[in-house]
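Here's a quick walk through one chain, from its overall layout down to a few single residues. Have the sequence and the model open side by side as you read.

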Amino acid sequence: MTNILRTRLLSSSPVIQLAIGDCAASIVGSSVSRFLRARAPSSPSAPSASSPDPASAGLRWPHNPAKSVIGSAAFVAAAAVVSAVYLTGFAAMGEGGGYVPDVESVRWWARMLAVSVAAALIETVPIGNDNFTIPLTAAVASFLLL
């Protein structure tokens, strides 16, 4: 029974990664990109391949220019914090089946961040549906690391 409760608690982490992280990446990434484009000096001609758009230079992933690095950072931050709060809250209520997150340990926080980083990185890969790949990656990382 203890293993089932632990599994139930940790299996909610992938849903949080998708729901919170993907939303944060979308909102922050598009907002910051829009803000930077508005502040960029306007040029009479469209940017060429040799002179990239100044608003997106250095802010986009090279393997998927549709995704921003800032959006991915927002994904990691939001998903890690909300997952940590959720896991510690439910474990404190005795819902974790003996799983007690060691929130005072730097190692536990590093593992929580690693789960969020893995999910954020798979979100940037332009294959498949990220509504499937994000929770799958987060589930595997959660069960291996947490």
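In what order do the elements of the chain run from the N terminus on? They go α-β-β-α-α-α, which makes 4 helices and 2 strands in the chain. Helices (H or I, at least four residues) and strands (E, at least two) are DSSP runs, numbered from the N terminus.

A word on ground rules: this is a predicted model, where local features need pLDDT of at least 70 and side-chain atom pairs count only at pLDDT 80 or more, while totals for chains, interfaces and linings use all residues. Residues are numbered from 1 along each chain as its sequence is written, and side-chain values use heavy atoms, with hydrogens and water left out.

**Overall numbers**

Of the chain's 146 residues, 33% count as buried. Here buried means under 20% relative accessible area, exposed means over 50%, and partly exposed is in between (1.4 Å probe, protein chains only). Take the contacts (heavy atoms within 4.5 Å) between residues at least 6 apart in sequence: 71% of them join residues at least 24 apart.

**The core**

As a rule, nonpolar side chains in soluble globular proteins tend to be buried together. The largest nonpolar core in this model has 17 residues. A core of this kind is a set of buried Ala, Val, Leu, Ile, Met, Phe, Trp, Tyr and Cys residues joined through side-chain atoms within 4.5 Å. Phe75, Leu87, Trp108, Met112, Val115, Ala119 and Leu146 are the members with the most contacts inside it. At least two core residues come from each of helix 1 (2-39), helix 2 (69-92), helix 3 (106-124) and helix 4 (130-145). Helix 2 gives the most, with 6 residues.

Which residues of helix 2 are buried? They are Gly71, Ser72, Ala74, Phe75, Val76, Ala79, Ala80, Ser83, Ala84, Leu87 and Ala91. The end C-alpha atoms of helix 2, which has 24 residues, are 34 Å apart, and that agrees with the 34 Å it should span at 1.5 Å a residue. The expected span is 1.5 Å times one less than the number of residues.

Helix 3 has 19 residues and reaches 27 Å from first C-alpha to last, close to the 27 Å expected. Its buried residues are Trp108, Met112, Val115, Ser116, Ala119, Ala120, Glu123 and Thr124.

**How the helices cross**

Axes are lines fitted to C-alpha atoms, for helices over the stretch in contact, and angles run from 0 to 180 degrees between N-to-C directions.

| Helix pair | Axes come within | Crossing angle |
|---|---|---|
| Helix 2 and helix 3 | 9 Å | roughly 135° |
| Helix 3 and helix 4 | 8 Å | roughly 155° |

Helix 2 and helix 3 are therefore oblique to each other, whereas helix 3 and helix 4 are roughly antiparallel. The cut-offs: under 35 degrees counts as roughly parallel, over 145 as roughly antiparallel, 65 to 115 as roughly perpendicular, and the rest as oblique.

The crossing of helix 2 and helix 3 is right-handed, and helix 3 passes helix 4 in a right-handed crossing too. A crossing is right-handed if the near helix is turned clockwise from the far one by less than a right angle, and left-handed if anticlockwise.

In the contact between helix 2 and helix 3, the helix 2 side includes Ser72, Phe75, Val76 and Leu87, and the helix 3 side includes Trp108, Met112, Ala120 and Thr124.

**A few single residues**

Beyond its neighbours within four places in sequence, serine 72 is in contact with Trp61, Ala120 and Thr124.

Thr124 turns up again with asparagine 64, which touches Thr124, Val125 and Pro126 once neighbours within four places are set aside. Asparagine 64 is found in strand 2 (residues 64-68) and counts as buried at 11% relative accessibility.

Alanine 25, in helix 1, counts as buried at 8% relative accessibility. Leaving aside neighbours within four places, alanine 25 is in contact with Ser30, Gly71, Phe75 and Glu123.

Alanine 77 lies in helix 2 and, at 43% relative accessibility, counts as partly exposed.
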